Every structure is written in structure tokens, then in C-alpha cells.
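My notes follow in the order I looked things up.

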Amino acid sequence: MIRRLGACVLQLAAISFIAFYLFSVAPGDFYSAERLSPQLEGRSVDQWRAAKGLDEPWPERYVLWCESALRGDFGTSLAYGVPVARLIAPRILKTALVLMPSLALGWALAFSLAAWAARRRDRILEPVMSVAGMSPEVILVSLLLWLAVWAGAPLAGAWLPIAGLTAIVVPLVFLHAFSALTTAREANFVRIARSRGVPRTRLWTRFILPAAANPLVSLLGPSLATAVGSSLVIEAMTGWPGLGPLFLEAVQARDYDVVQAVVVILAAALTFLNLAADLLLYRIDPRIRLRV
Amino acid sequence: MSDLVRRLAFLLGVLCATLPAQPQHGGVLHVAQRAEPKTFNPVLALDAPSRDVLRRIHADLISIDRTTQTTVPGLAESWTISKDGKVYRLKLRKGVRFSDGEPFTADDVVFSFALYLDEKIKSPQRDLLVINGRPIECRKIDPLTVEFLLPQPYAAAERLFDSLAMLPKNILERPWRAGRFNEAWTLATPPQQIAGLGPFRLKQYHPGERVVLERNPYYWKPERPYLDSVDFQFLPDEDTQLARFTAGGVDILNRLSPQAVQFLESRGAALADLGPGLEYNFLCFNLSPGSPNLALFSQQDLRQALSLAVDRPAMARIVYRDRAAPLWGNVTPGNKLWYSADLPHPARNVGAAKQLLKKANPSGKPIAFSILVSASSAERVRMATMLQSDWKELGIEVNIVTLEFRSMLDRVLNTRQFDTCIMGLGGGDADPNSEMNVWLSSGGTHLWNPNQQHPATDWETEIDGLMHRQMITLDYKARKAIYDRVQSIVADRSPMIFLVSPHVVVAQREVGNFRPSILDHQTLWNADELYLIPGKHR
Amino acid sequence: MIGGTLVFLNTWSVYYGAHRAFGPLDLRIGAGGKIGIAGASGSGKSTLLASICGLLDPAARTSGAIEITGRIGYIPQESLNSLSPHLTALDQVAEIAGSRERASQLLASIGITTDRQNFYPHQLSGGERQRVLVQQALAANPDVLVADEPTANLDEANEALVLGLLETHQAALIVASHRETVFDRLQCRVLRLTPRVDARLASPPPIPEAAHVTARVDALTKTYAHRDFFLRQRQGPHILDGVSLVIRAGETVALSGPSGAGKSTLARCLARRERWDSGQIDTGNRPAQLVQQEPSESLNPRWTLAACLREAAPQADADVLERIGLSAKWFERSVSELSEGQRSRVAIARAVLAAGDGLLILDESLASLDASTVRDVAAFVQDAQQSSGMACLLITHRLDLAAGLAHRALSMEQGRLR
Amino acid sequence: MTARIAIAVIVAILIAGPWLYPVDPIAQDRDAANTGPGAHHWLGTDEYGRDLAARFLAGGRWSVLAGSAGTLVALALGWIAGSAAGFAGGLADSLVMAVSEWFMAVPWLYLLVAARAAMPLNLPPRKAILAIVLLIAAINWARPARLARGLVLSLSQKGYVEASRGFGVPAWRILVDHIFPGTTGVLVAQALSLLPRFVLAEVTLSFLGLGAGEPYPSWGGLIVPLRHAYLLRNQWWIMLPVLLMLPFFASFALVSRQLERNYRVSR
């Protein structure tokens with residue numbers, strides 16, 4: 001287990017480094033915009049930069065960041081002047097508040113659809129889903145908005161981002177679940193079991209679903225990754241007070257402590273979900289658990 | 001059907017808004033805002049969202065009446081100016097209290113200015129209060145009188161006091177002395193620890209979601225404000241703002257995009273078109289020594305030719321759906337005091353432009369350059385697109401380079417690696433003094449060739465002289481004459497090609513005493529007078 | 001229709017596209033009846049059985065009449081994917097038998113002890129899996145048992161067990177096999193899809209005197225070690241335990257033993273397809289050529305025969321096909337057009353060509369092949385041994401083959417030669 | 001089958017566009033700005049009075065090309081890395097897989113911002129966008145790589161691969177002769193499902209402030225207005241080009257799915 005965790009930590013370190021480097025290559029910094037204000041002298045802007053240590057070369061800044069990060073301090077937001085942790089904590093909760101339901105909903109919906117389609121060898125749903133899977137979030141949300149107003153639904157609250165996210169998750173999961181189930185139900189041992197007169201429900205619960213499980217379990221991580229990525233945009237558009245608006249704002253404003261923190265936290269979440277998925281795989285698949 | 005109902009409701013709303021109805025107390029005003037405030041500390045606030053909220057919480061000594069654009073008494077009920085214009089003596093109102101009940105005295109004023117001028121704090125307002133490198137001095141005469149000493153005569157100095165929040169010494173002095181002022185009054189500070197002199201005081205802050213202000217019981221104006229509270233909702237996406245507005249969750253919208261205006265029109269919403277604002281959009285040539293195309297752009301004929309070939313009315317029509325004024329100078333028609341009407345407005349003339357171009361480029365070798373524009377401003381990208389097709393008729397190949405905002409600023413203000421760029425200025429005050437840095441050749445925002453040791457051209461020298469003169473001229477008419485001259489020089493030499501000035505358009509639902517203005521804050525500047533028209537709000 | 005008839009076929013045939021898999025065919029079986037289906041591989045045995053069990057794949061077309069009365073119990077040819085990898089042996093049977101107790105009895109009755117009953121298919125040996133499949137079929141106590149090559153790759157002991165099961169069960173029986181012995185043992189009427197062939201094998205050619213050593217193995221030892229999920233080293237049991245062996249030019253050595261004894265591992269080591277822990281292997285300048293079960297697998301279905309053969313032996317030409325009983329015209333044909341058995345012939349022939357004067361290993365390659373194929377292939381191998389002095393290691397559980405083809409026979413158990 | 005025909009037809013139309021409908025896609029007919037479909041402008045005009053039909057055709061030609069380029073890069077990188085990992089196994093394998101995981105977790109936005117900002121000013125907008133698309137493609141090698149690895153892993157355990165190893169065939173020959181041919185089916189399927197994503201990448205790019213290639217048309221650029229579908233309801237015709245794209249994308253998806261299924265069956 002230790003080794004495994006070690007690998008994860010190493011990965012996080014690598015990600016934080018790459019992110020920080022990429023950040024440093026982007027031109028402009030947090031105070032670029034202030035230079036444009038006629039009421040401000042260039043000197044004062046320079047003083048601000050110096051005060052925040054923005055004029056140091058990026059390797060030093062990265063080292064500093066690592067030190068404080070290891071102490072559990074993710075630095076202070078340039079824009080907000082408060083510790084990043086305080087800034088992010090409430091928003092993570094909000095994001096989770098839309099992520100979890102939409103993932104659950106999306107999986108449930110997609111899976112039952114896929115099972116239905118697989119059972120009656122449906123041919124239409126698949127292409128439809130794969131087209132739906134392509135549509136970018138920005139467009140999806142604005143169409144949703146349109147629908148909502150047209151239907152006179154309330155626009156405040158969580159349902160709008162949840163709906164948007166679900167719409168992102170469903171096609172992704174459906175396509176995988178569908179192909180997994182169709183392959184499983186054609187599997188040799190399933191056909192034999194069927195010929196042995198195993199009742200349909202047993203056939204699905206004991207034979208088909210376990211066989212289809214592996215690809216789906218390994219989809220957990222990617223599906224979360226996609227959902228998180230989309231949630232950033234969707235939250236920003238629907239004005240949901242999660243990480244999304246903060247992150248995009250911070251990206252544009254070059255508020256690097258915030259960006260760095262968000263990236264690392266999300267990356268960590270994903271890494272450990274993948275780990276969990278592997279653990280699950282290890283539990284449910286005897287071929288992995290019990291090697292000869 | 002429902003549309004008809006909406007129109008009727010709208011008409012009714014207009015009636016109620018126009019009839020001298022008796023203002024009603026109570027109610028919550030919902031306002032949509034693009035971004036959330038970054039701090040509750042007015043001394044450190046850099047960004048518009050913070051200021052928009054803070055100015056409802058705090059008050060200034062002398063304010064600028066947004067409708068007349070002239071100064072009116074604020075916390076100071078009267079003031080006198082010495083003959084030489086160097087000494088300002090302000091008389092404070094009696095019995096004014098902070099929102100926590102503490103009395104407001106001259107000490108607070110002196111303290112506040114000490115904060116703004118403190119080098120360590122590095123307040124963004126500091127540069128305004130430093131004239132030619134020498135700060136304004138503030139003295140207490142008696143508990144209700146303060147005196148300001150200017151290092152030199154400074155025209156319309158009283159305008160400087162506008163939106164300079166007066167702060168409570170008893171709360172902020174300790175952190176300041178402890179050198180921890182920058183941690184005071186952040187978003188993490190509990191609301192009751194924040195006190196101001198404005199009509200409202202902070203009630204709740206929901207991170208990323210909304211800021212709620214409540215009525216300040218100690219507000220100095222009797223019977224004010226009418227509203228119980230103001231609710232700022234943070235909606236980054238305009239479409240969502242509009243959806244909420246039409247659904248009734250938001251009462252006031254600011255800074256509407258052309259598309260949004262058109263949409264609201266089609267929905268029959270109560271729009272107020274205030275005509276052109278102070279923002280002027282322009283194309284700026286890069287005339288710095290290191291400019292990639294200096295030889296080309298330093299030819300005035302070329303610049304004028306390009307300016308002549310621009311179809312400004314079409315730009316106003318297409319980019320802003322006719323809600324914009326074509327510009328030939330840097331002062332917009334919206335700027336009542338400083339707009340110079342007698343500036344020439346040559347119509348588009350490709351023929352004449354071609355003539356000029358021949359002079360500038362006798363060899364007739366193909367001319368090509370790029371326009372730098374921020375991708376985040378759809379309007380300016382559109383302007384670039386139109387310029388490109390306008391100038392194609394002169395046989396000029398223009399390459400549009402859209403960059404993410406800060407990358408673009410880095411090129412324009414830092415590396416200076418660009419041919420031309422499209423930008424806009426004029427967010428601040430209407431007074432010329434607020435734009436010294438744009439027109440002085442030594443200025444950091446002298447965009448075509450910033451931070452010069454010595455003016456590169458004689459006309460820039462002249463502008464420098466004029467700007468310095470107008471700054472110390474106290475008589476308005478004389479100043480106006482000087483500033484008109486500046487405008488005509490810039491227009492004629494056209495180091496910038498002025499394009500259009502968008503109208504300020506705002507929307508509201510059944511808000512009484514709604515008197516929007518083109519100056520910040522466009523709709524809430526008179527928040528203490530706003531009230532909700534009864535019977536229309538859920 | 002006649003009372004007591006369980007399966008009735010009338011001019012029954014199955015087509016894949018234009019190609020007819022078998023038929024037209026008449027068949028009737030009543031209670032207690034026993035029919036053996038014989039025929040060369042590719043003659044449609046499996047298809048016929050599948051069609052009776054209603055397991056034809058959707059692509060197939062049928063003509064003629066089929067009537068099934070009574071429950072069918074299908075015993076597929078053993079392979080990993082005929083049992084669910086997610087269920088223990090016990091559950092596999094319990095799903096059919098209804099109760100775990102009954103399932104447990106059934107399995108115990110065929111020598112699968114209670115501890116091994118909780119193993120998953122991939123942990124069981126081929127023989128055990130085959131037995132589980134049989135019991136699964138019997139658990140549904142069917143009226144007709146349909147068994148497809150039930151003993152194809154079982155060692156003697158397992159074969160006896162499985163055939164015993166089929167014999168004792170009272171249900172009618174349809175069994176397909178390529179081995180007459182099965183039919184004799186079960187005393188069933190034999191239905192031939194292709195005429196019987198004389199499968200007598202030519203006796204092995206004499207080994208030339210003072211033949212040099214082609215392959216030498218010294219004290220070969222190997223244990224399986226793997227990292228488990230938590231990346232810990234896991235020490236496995238000894239697969240090879242000090243194996244020493246010498247094979248001379250032109251010699252054929254038969255190697256038999258229970259499944260899991262390490263025969264295949266030894267073969268893979270000789271062919272340099274696996275590493276070993278200690279000991280030496282010397283097969284001269286080239287590794288041994290290994291042909292495994294399902295020889296046809298070793299031909300790339302996208303290629304032509306020519307391409308396949310030339311990959312191994314650049315000088316190969318069409319008459320190779322003649323010598324293994326195929327037509328030279330097929331030289332340029334695609335592998336995918338050939339039947340299972342035909343592919344196996346080509347595959348083995350190719351290995352022989354590649355081996356040259358080196359070592360050829362046939363690891364159960366002949367097990368699933370019909371008699372005529374075995375005969376032709378064996379002849380081809382023996383030619384090669386005579387002409388080029390190729391040595392051959394024949395791994396098989398079939399004593400008849402071992403006796404017919406090998407100069408000497410070795411047996412292996414728990415990684416040791418005896 | 002119908003899907004394949006549909007693709008062929010649409011591509012044919014795109015190629016023949018300039019002859020079928022000879023209108024300049026960037027000429028601004030400002031008096032006819034924002035007009036609906038009509039005899040003059042089949043699909044109406046945009047806010048500058050540029051002909052949407054012409055822009056649809058020209059944009060399609062370009063976007064499909066750019067998209068294919070992106071797909072090519074992403075798949076080429078992914079397939080090489082993936083099959084190398086799958087074939088070599090061992091350390092190389094785990095290394096490639098680890099790196100691919102990083103690639104999927106890191107925010108590349110900044111790289112795009114920086115790259116765009118670093119490009120020379122005289123670089124035509126289209127080339128700039130193309131460069132960005134290619135960059136995105138280069139970043140997105142990870143998923144294809146993982147796919148390819150899986151395939152190669154299963155293929156390299158096939159009997160015929162082990163056999164030719166036995167014959168002493170060099171590794172590169174095995175890759176070329178046996179393994180790559182085995183992956184082509186899935187490769188094409190992937191390509192078909194990736195191409196539309198690259199065409200659409202531009203939409204997200206413009207949302208993130210990385211700009212569109214004004215004044216030149218592209219399908220991504222034509223979709224961008226849909227972001228304001230809510231505002232632009234009274235200019236319904238801006239949706240027409242998008243509706244025309246749908247069958248194209250749909251048939252791509254269909255064919256891609258078919259190919260994948262065929263592969264699954266053939267295994």
C-alpha cells in the first residue's frame with residue numbers, strides 16, 4: 001500500500017510542478033490590468049509586484065510554494081488577500097454539492113438506459129448519445145437556460161448546474177456501459193448459462209453485470225475527471241458559487257496561488273479516486289485478486 | 001398573451017416611476033454583478049466589483065452629482081477655497097454617526113487621509129492625492145473642520161474627495177499601528193466589525209454567491225435610505241443575469257452588452273438609454289522607438305488616411321446596434337463639461353484617404369500590419385473586423401491578432417511588441433486631471449509612446465505644456481479652452497484613431513427614484529433614494 | 001410425431017453465408033439413445049451441436065426441420081470462457097442446481113473437494129473445469145446431453161472420470177469427438193459427417209548413430225513470483241524443479257503428465273518465451289520452435305498462406321501444401337478461408353520448416369486434431385526428422401500418440417521429470 | 001452504410017462549395033446585416049452582413065482539414081507511445097502510463113495562452129488557430145495512447161505474434177506486420193470520433209478567451225454564437241449552419257461505432 005501511495009504522491013508533485021511552470025510561461029501577471037489605469041503611476045504597480053514577490057524568478061517561487069504547501073499552507077490569494085484554504089473550502093463544498101448528485105444521477109440514468117438499450121439491441125440511442133457527447137458545455141448550458149426560462153422554471157439554486165453536468169456525464173457513461181453490456185451478454189458463458197435455463201434476472205445479476213463491471217469501474221476516474229472539468233465552466237455560466245467561477249477568474253487574473261491550489265486538490269481527488277477504483281477492481285475481479 | 005401582460009406591467013412600471021409617487025420604505029433590491037468583491041477594505045480595493053459594493057457602505061466628504069457631473073456637499077456641508085487655490089477648508093456636518101453608532105469627527109478624516117497616503121499600505125488612491133510628487137496635507141482645525149493644503153494650485157481639487165471613503169479611526173487605528181492594516185476588513189472579517197458612513201452596512205457575505213447590505217440606522221440623511229437591504233448577486237455570465245432578470249430574481253442590470261440590450265428590448269423590459277458614456281474606444285499606433293513598424297506609422301499622412309477610411313457610423317450601427325456615438329476625439333458627447341463640439345467630424349472618404357496614402361507611400365509598395373485586440377471584448381474584436389474590411393479598400397492587408405486580455409496588456413504596456421491595438425479608456429471621472437497619464441508624454445498610459453524622458457515630437461511637447469497648464473488653471477472657461485486645444489491636436493495628429501463611444505444602457509424593474517447616470521456607479525449612485533414601487537415585488 | 005423422440009432432425013443443414021457447415025442431415029434420438037458425431041475437424045460437428053442447443057450465432061442460416069422435445073444439457077468444449085470468471089466452481093453449479101448443498105454434492109462426486117469448490121475457473125485445471133461443465137449440464141437433469149469434444153484436452157485420469165459421468169447418467173446422449181475410443185467407451189451409434197479415415201501412424205524413423213545433441217537442459221528451475229495489488233512480492237510454488245533433459249538429432253521424445261505439472265512451462269522456456277530462475281538451456285544457435293494448443297491461432301488471419309510460410313522459411317513454396325494434404329492452389333489464399341484443421345496443418349508445417357535441424361516442440365498441438373490431420377502432420381514431421389535431423393519434443397496426454405510417434409516417453413509431475 | 005454515404009455527400013458538397021455557391025464568405029454587405037434566409041443569402045447573414053451559407057461551406061472546408069490535422073497528430077503520438085509501451089512492457093510501459101496520467105490531470109490552458117501570445121503578429125489568424133489545435137492534439141495523446149496500449153498488449157499475446165518471435169523476426173517487423181494492422185480498425189474508429197471534437201475545440205477556446213480566427217470562417221466560429229442562444233432567439237437563422245453540421249457529426253459517430261463493434265466481434 002505504501003508504495004502505491006508513494007506513486008500517487010510522486011504524481012501529484014509532478015503535476016504541481018508542470019502546472020506551476022506552465023503558469024510562469026504565460027505572459028502578464030496579476031497587476032497587468034492595473035497598469036492600464038490612468039489614475040495609477042507605474043511605480044506603484046511595480047511596488048505591489050515586488051511586495052508580493054512576483055518579480056522573483058519562477059523556480060524560487062515554486063520552491064517557496066512547495067515549502068508552504070507541505071506545511072499545509074496554500075498561500076494567499078493576490079486578489080482576495082485571504083488564505084487560499086479559507087477561500088476554497090466553502091466553494092469545494094458547493095462544487096461537491098452539484099458534482100455528487102449529477103454523477104449519481106448521470107450514472108444511474110446512463111446505466112439503466114444502456115441496460116435497456118442492450119437488452120433490446122437498440123441501434124438509435126448509441127449514435128444519438130455519441131453526438132450529444134460532443135456538444136461543448138458552453139452551448140449545452142445556454143440551451144438549458146433557454147429551456148428553463150421557456151418552461152418558467154426557477155433559475156436560482158443547484159438544479160441548473162446539476163442538470164447541465166448530468167447532461168455531460170450521461171453520454172460518456174452510456175457509451176461505455178452500452179458496449180460493455182453488449183459484449184458481456186454475447187459472452188460464451190452467458191449464452192451457455194442461458195441455454196441451461198438460468199432465469200433472466202439471475203442471468204443479469206449473476207452473469208452479465210459482473211462481466212460488464214470491469215470496464216465500468218475503470219471508467220469511474222475518467223468520468224469524474226470529465227465532470228470536474230465541465231463543472232468549472234458550467235458553474236461559471238450558471239453562477240453557482242463553486243470552484244468554477246473562482247478558478248476561471250483566478251486563471252484570467254493570474255492569481256497563481258489559487259490556481260495552483262485548485263489544480264493540486266482536483267488532481268489529488270482524481271488520483272485517489274483512480275486508486276479507489278483499482279482497489280474496487282481488485283475486490284470484484286477474482287482474476288486480479290487471486291493470481292495462480 | 002403573456003407578452004402583452006408584460007408590456008402592460010412595463011407601462012405601469014414606467015407610470016409609477018415617472019409620477020411623483022410617495023417613496024415607500026422597506027423591501028430588498030436585487031442587483032446583478034459580474035464578479036464578487038475581493039475585499040471590504042476601501043483603502044485597498046483595486047477592482048470595480050469591490051468598489052461598487054463598498055461605495056454603498058461608505059460615504060465621501062464631497063460627491064460628484066452623477067446627473068449634473070458637478071460637485072455637491074457630502075459629509076462636508078460646505079467648503080471654501082483660498083485665492084491661490086492651494087488651501088481647502090471643509091466644514092463637516094454635525095451629529096453624523098458611523099453605522100456602529102460611533103460619532104464621525106475631523107479625527108476620522110485626518111486618520112483616513114493618513115491611511116490613503118501611507119506609503120506602506122500602497123493604496124491605489126494614493127497617486128491621486130500626490131500632485132507632482134508632493135502629497136496633499138490634511139489638518140484638523142476643530143472637531144468639525146478640516147483643512148487641506150495642496151502643494152500647488154490644482155483645478156477642481158474638490159473632485160478628488162469624491163468616493164474617498166471616510167473611515168472609523170477607533171476601529172482601524174489599532175491594526176494600522178500594528179502594521180497589519182492589510183489584514184483588516186477582508187472578506188473573512190465578521191460584518192459587525194465593519195462600520196461606514198454610507199446608507200447601508202454589511203449584513204452577510206456568502207462566498208461566491210451574494211453580498212447582502214442592510215439599512216444603516218445611523219445614516220445622516222433623515223428618513224433615508226428607503227430600502228431595507230440591497231442584495232448583490234454574483235452572476236459571471238450575462239445570459240444568466242438576463243434570464244434571472246426576466247424571471248424576476250434581479251431588479252437592476254448594469255453594463256449591458258449590445259446583444260443583451262437588443263434582447264431586453266425584444267422582451268419589452270424597462271431600459272434606460274443614457275446616451276454615450278465616458279468610454280472611448282480607439283485604435284492606437286505603436287510609436288515607441290522599438291516599434292516593429294515605426295517608420296510606417298510615424299508618417300502622419302498614413303495615420304490620417306487610415307482614420308479617414310474608417311466608417312464610424314457603420315461601426316456604431318453594427319457593433320453596438322446603433323447604441324453608440326461615432327468618435328473623432330477622445331472626449332465623448334456624454335462628457336457634459338469637456339466635450340468640444342467644434343472638433344471636425346470628417347465623413348468616411350476613401351478617395352481622399354487614397355490620396356493621403358499615396359503621399360505617405362509614393363512607391364505604392366503593399367502595406368500590411370496587425371491589430372492587437374483582447375479576445376475577451378467581443379465588441380473590440382468586431383471593431384477590428386470592420387477596420388480590416390474598411391482598410392482593405394485602401395489595399396492594406398490587416399491581420400487581426402486576438403489575445404487573452406493579460407497577454408495583450410503585456411505586449412502593449414510591457415514588451416511594446418505590437419503594430420496597433422484597439423483599446424478603450426475613460427472609466428473614471430469626467431475631469432481631464434484624471435487622465436494626465438494618458439496625455440503627458442511621460443505618462444505610463446501614454447499608450448502610443450509611454451514613459452518618455454523628453455517628448456519625441458513637438459506636438460507632444462505642446463500637449464505636455466497644455467496639460468500642465470490646465471491642471472493649475474482654476475477658471476473653468478480657460479481650462480476648457482486649453483483642453484479643447486489638446487483634443488484638436490490629438491485628433492489632427494491622430495496617434496490614436498478614435499472610433500466609437502458606446503451608450504450606457506441599464507435595465508430596472510419597478511424601482512422608484514431610478515436616476516441612472518453614465519458615471520460610476522451607473523444605477524446605485526443614489527441608492528439611498530431608491531425604493532421599490534409597491535405591489536410589484538414578490 | 002413418434003412418442004419418446006427427444007431430438008428430431010430432418011434434412012437439417014446450417015450455412016454460413018454461401019458455405020454450408022454441414023448437412024442436409026437426418027437424426028432422431030429417443031430416451032436412452034446414444035449417438036456419437038464423428039468427422040474431420042471443420043466438418044461441422046460443433047455447429048451441429050450448437051444448432052441443436054439453439055446456440056448458433058445469429059449470422060448462421062438454417063434449412064430443414066428441427067424438433068426438440070425435452071430439456072437439453074449442453075457441454076461445450078472446455079475453455080476459459082465457457083465458465084463465468086466471476087463465480088466459484090460451487091456457484092457455477094449452484095446457479096443451475098438451485099441449492100449450494102446439491103451443487104456441493106455433485107462436485108464432490110466427481111472428485112472436486114470442498115476447498116477447491118470455492119476456487120474460480122482460472123484457478124482450476126483444465127480437467128477440473130471440464131468436470132465442472134459436465135456437472136453444470138447434469139445439474140439441470142436434462143433429457144438429452146449434448147457434449148462437444150468433452151475429453152479433447154484431458155489427461156487419461158480426467159478423461160476416464162468425465163466419460164464415467166456421461167455413461168452413468170440416464171439421459172440420452174449426443175457426443176461429438178474426433179476420437180473413436182470415446183465412442184467405443186460410451187457404446188454409441190456413430191454418425192459420420194466425413195468418412196472414416198485410416199489413422200494408423202507410421203512408426204518413428206530410426207535415430208542415426210552418434211547423433212549430436214540438439215537440445216540440452218540442465219537443472220532448470222523456475223518459480224512463479226508476481227507483485228500483488230499492493231506491489232508486494234509474492235513467492236509462488238515451484239513450476240520447474242531441477243529439470244534436466246537431453247534430446248538428440250532426429251529423436252522424438254514424448255512428455256506426459258497431469259495438467260499443471262510444468263510441461264508447458266518447460267516448453268516455453270525451451271522456446272525462449274519465458275525466463276527461468278536457474279539452470280541452463282542449450283538449443284544450439286536457434287531457439288526451439290513451439291506449437292501450442294490450437295495451432296491455428298499461430299497464423300495471422302489477415303495473411304495469405306504464402307506470407308505465413310515465408311515469414312518462417314523464406315524458401316517455402318506451394319508444394320509444402322501438397323505434402324501436408326492441402327492443394328497447392330491455396331498458396332496465395334488468405335488464412336481466414338481455411339478451416340480449423342487446415343490451418344493447424346499449415347501452422348505445424350511452418351514450425352517444422354522454421355525448426356530446420358533444430359528442436360520442434362508440439363505442446364498438445366495434436367490433441368484437438370482429427371485423425372487424418374494427425375496422420376498427415378506426423379508424416380510431415382517424420383520426413384523433416386529424416387531429411388534434416390530435426391529433433392521433436394512431443395507434449396501430449398494421449399498415450400496412443402506418445403507410443404506411436406516417440407522413441408522414448410518421459411513423464412513429469414510437480415516440476416520434476418520421472 | 002447510409003452514414004458513410006452521408007459523410008461522402010457532405011464532404012463532396014464542401015469541396016464543390018465555391019462552385020455551387022460562389023459568394024465571398026468574408027465580404028461585408030453591411031446594409032444586409034442580420035437578415036434572415038432569402039434568395040440572396042440562402043442561410044441569412046451575420047451581424048456584418050456576411051453570407052452564412054458561404055461561411056458554412058468555406059468554414060467547413062477549413063475546419064474539417066484542421067480537425068483532421070489535429071486528429072492525425074493526437075493519434076500518431078498516442079499510437080506510437082501506446083504501442084511502444086504495450087509492446088515493450090516493463091519499465092517503459094509503467095513510465096508511459098504514469099506520464100499519460102499526469103497529462104490528463106494538468107491544466108494546459110496556460111500553455112495555450114502562452115503559445116498564442118508567443119506567436120508572431122504577422123501569423124494569419126487561421127494558422128494561429130491551427131497551431132493551437134495542433135498543440136491541443138499534441139497534449140491529448142494520453143487517451144489514445146492508453147487505448148493503443150491495451151490493444152497492443154492483447155495482440156502481442158496472440159499466437160501468431162509469439163510464433164513470429166520464435167522465428168527470430170525483429171521486433172519492428174512484428175510491430176509493422178502483425179500489430180499495427182491489428183489496430184487499424186480501432187484507429188479509424190478513434191479518428192472518426194476525435195475529428196468532430198477538434199472541430200469543436202474552437203468553441204471552448206473562444207470561451208476561454210483564446211480568440212477566433214476573424215474574419216475567416218470556421219465551423220467552430222459558426223457555433224460560437226450558440227453560446228448566446230438565449231439572447232439570439234430572434235435571430236434563429238444563426239442556428240441553421242449548426243443544424244447542417246449535425247448530420248455530419250452524427251454519421252461520423254455512427255461509422256465510428258460500427259467500426260468499433262466490428263472490431264469487438266472479430267476478436
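**Ground rules.** Helices (H or I, at least four residues) and strands (E, at least two) are DSSP runs, numbered from the N terminus. The expected span of a helix is 1.5 Å times one less than its number of residues. I'm working with a predicted model, where local features need pLDDT of at least 70, side-chain atom pairs count only at pLDDT 80 or more, and totals for chains, interfaces and linings use all residues. Residues are numbered from 1 along each chain as its sequence is written, while chains are lettered from A and ligands numbered from 1 in the order in which they are written.

I started with helix 12 of chain B, residues 378-392. Its 15 residues reach 21 Å from first C-alpha to last, close to the 21 Å expected. I then checked burial: a residue is buried if 20 or more other C-beta atoms lie within 10 Å of its own, exposed if 12 or fewer, and partly exposed in between, with C-beta atoms placed from the backbone. Helix 12 of chain B is mostly covered, with 11 of its 15 residues buried.

Helix 3 of chain B (residues 106-117) was next; its 12 residues should span 16 Å, and the end C-alpha atoms are 17 Å apart, which agrees. I found D108(B), V109(B), F111(B), S112(B), F113(B), L115(B) and Y116(B) buried there. Helix 4, strand 8 (137-142), strand 9 (145-149) and helix 5 (169-177) of chain B are included in what covers them.

Most residues other than glycine have a negative phi, and most peptide bonds are trans. I noted these cases:

- R224(B) and P225(B) are joined by a cis peptide bond, omega about -15 degrees. P225(B) sits in the loop between strand 11 (210-215) and strand 12 (229-234) of chain B.
- D520(B) to H521(B) is also a cis peptide bond, omega near -20 degrees. H521(B) is in the loop between strand 22 (511-512) and strand 23 (531-532) of chain B.
- Q69(B), not a glycine, has a positive phi of about 60 degrees. It lies in the loop between strand 2 (62-65) and strand 3 (70-73) of chain B, and counts as buried because it has 20 C-beta neighbours inside 10 Å.
- W185(B) has a positive phi near 55 degrees. It is in the loop between helix 5 and strand 10 (200-206) of chain B, and its 26 C-beta neighbours inside 10 Å make it buried too.

**Who touches whom.** Which chains share the most contacts? Of the 5 pairs of chains in contact, it's A and B. I got 43 residues of chain B in contact with 38 residues of chain A. On the chain B side, helix 4 (126-129), helix 6 (238-247), helix 13 (405-415) and helix 14 (436-439) each supply at least two residues. That side divides into 17 nonpolar, 15 polar and 11 charged residues. (Ala, Val, Leu, Ile, Met, Phe, Trp, Tyr, Cys and Pro count as nonpolar, Asp, Glu, Lys and Arg as charged, and the others, Gly among them, as polar.)

No contact joins chains B and C, and their closest C-alpha atoms lie 41 Å apart.

**Last look, chain C sheet.** Two strands pair if DSSP finds at least two bridges between them. I see 3 strands in an open antiparallel sheet, order 2-1-4. Strand 2 (19-30) and strand 4 (61-68) of chain C stand at the edges with a single partner each, so one side of each has no neighbour in the sheet. Strand 1 (residues 5-16) and strand 2 of chain C are joined by 8 bridges, and T5(C) has G30(C) as its bridge partner.

Methods: Two residues are in contact if their C-beta atoms, placed from the backbone, lie within 7 Å.
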